[in-house]
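Please consult the sequence and the model shown here while reading.

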Amino acid sequence: MDASGDGRNPRGPRARNRTRTRTRTGILLSTAAALAAATVPASATQPAPAPAPDPVVVDCFSKGQVRPDEYLLACGDGNNRLVDLRWNTWGPKTATATGTDMVNDCRPYCAAGRFRPYPVTVTLSDPQPWPDRPGTQRFATIRLLYTDTAPAPVPKDVTYKLVYDTPSPTPTPNP
């Protein structure tokens, strides 16, 4: 007899079936809870934001470009243009290329002058927000390093601020 006095044996076949059923139900519920807990954080997390696009270089026509083949430096008269640009890098902080700076010698005057080639290494840097295009960065500085001779009176290593409200960049000699 059992201690309850009702005459049932708690260790009989019915009791064992109830215990097994409860155990299976507990295991199933625990497994389901564990699976649910494992999947909730994955679905509840926000996707990682897309990386910001690399900066652009703004041309004379206020168009943003990435890795342009050519770039006009003298917007006002077109007497200075970078051509045959081959970009080695283009990243979030800088971009580098090699190419040719075609400069009008303006002899005896610019309309009668000849364009002369000067091999050059180009570095774009100083990315800043582009006010005309929210969410877009634009390079604000261009450095020209002439690998042979530089066009007179330009120094062999010169940096220009890419100012977008004036027709041509202002040179800043590098030490």
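This is a predicted model: local features need pLDDT of at least 70, side-chain atom pairs count only at pLDDT 80 or more; totals for chains, interfaces and linings use all residues.

In strand 5, Thr100 is the bridge partner of Val83.

**Strand 4 and strand 5**

- Strand 4 and strand 5 run antiparallel to each other, and their pairing extends over eight bridges.
- Strand 5 spans residues 95-104 and is mostly covered, with eight of its ten residues buried.

**Strand 5 and strand 6**

- Strand 5 also pairs with strand 6 in the antiparallel sense, here over ten bridges.
- Within this pairing, Thr96 has Thr123 of strand 6 as its bridge partner.

**Thr123 in strand 6**

- Thr123 is a residue of strand 6.
- Is Thr123 buried or partly exposed? Thr123 counts as partly exposed because its relative accessibility is 22%, whereas buried means under 20%.
- Leaving aside residues up to four places away in sequence, Thr123 is in contact with Ala95, Thr96, Thr141, Ile142 and Arg143.
- Among these contacts of Thr123 is Thr96, which is also the residue whose bridge partner is Thr123.
- Thr123 and Leu144 are 21 residues apart along the chain, and their C-alpha atoms are separated by 6.7 Å.

**The cavity**

- How many cavities of 30 Å³ or more does the structure hold? The structure holds one such cavity.
- The volume of the largest cavity is about 30 Å³.
- The residues that line the largest cavity are Val57, Pro68, Tyr71, Leu82, Leu85, Trp87, Val122, Leu124 and Ile142.
- By class, this lining consists of nine nonpolar residues, with no polar and no charged residues.
- Which strands each supply at least two residues of the lining? They are strand 4, residues 80-90, and strand 6, residues 115-129.
- Strand 4 gives the most to the lining of the largest cavity, contributing three residues.
- Ile142 is one of the lining residues of the largest cavity, and Ile142 is also among the residues that Thr123 touches.

**Summary of the arrangement**

- Strand 5 pairs in the antiparallel sense with strand 4 and likewise with strand 6.
- Both strand 4 and strand 6 supply at least two residues to the lining of the largest cavity.

Notes: Residues are numbered from 1 along each chain as its sequence is written. Side-chain values use heavy atoms; hydrogens and water are left out. On a 1 Å grid over the protein atoms alone, a cavity is a set of points where a 1.4 Å probe fits but cannot get out, and a pocket is an open set with protein on both sides within 12 Å along at least five of seven lines; lining residues have an atom within 4 Å of a point. Grid points are joined across faces, edges and corners, and a volume is the space filled by probe spheres set on the points. Helices (H or I, at least four residues) and strands (E, at least two) are DSSP runs, numbered from the N terminus. Ala, Val, Leu, Ile, Met, Phe, Trp, Tyr, Cys and Pro count as nonpolar, Asp, Glu, Lys and Arg as charged, and the others, Gly among them, as polar. Buried means under 20% relative accessible area, exposed over 50%, partly exposed in between (1.4 Å probe, protein chains only). Two strands pair if DSSP finds at least two bridges between them. Contact means heavy atoms within 4.5 Å.
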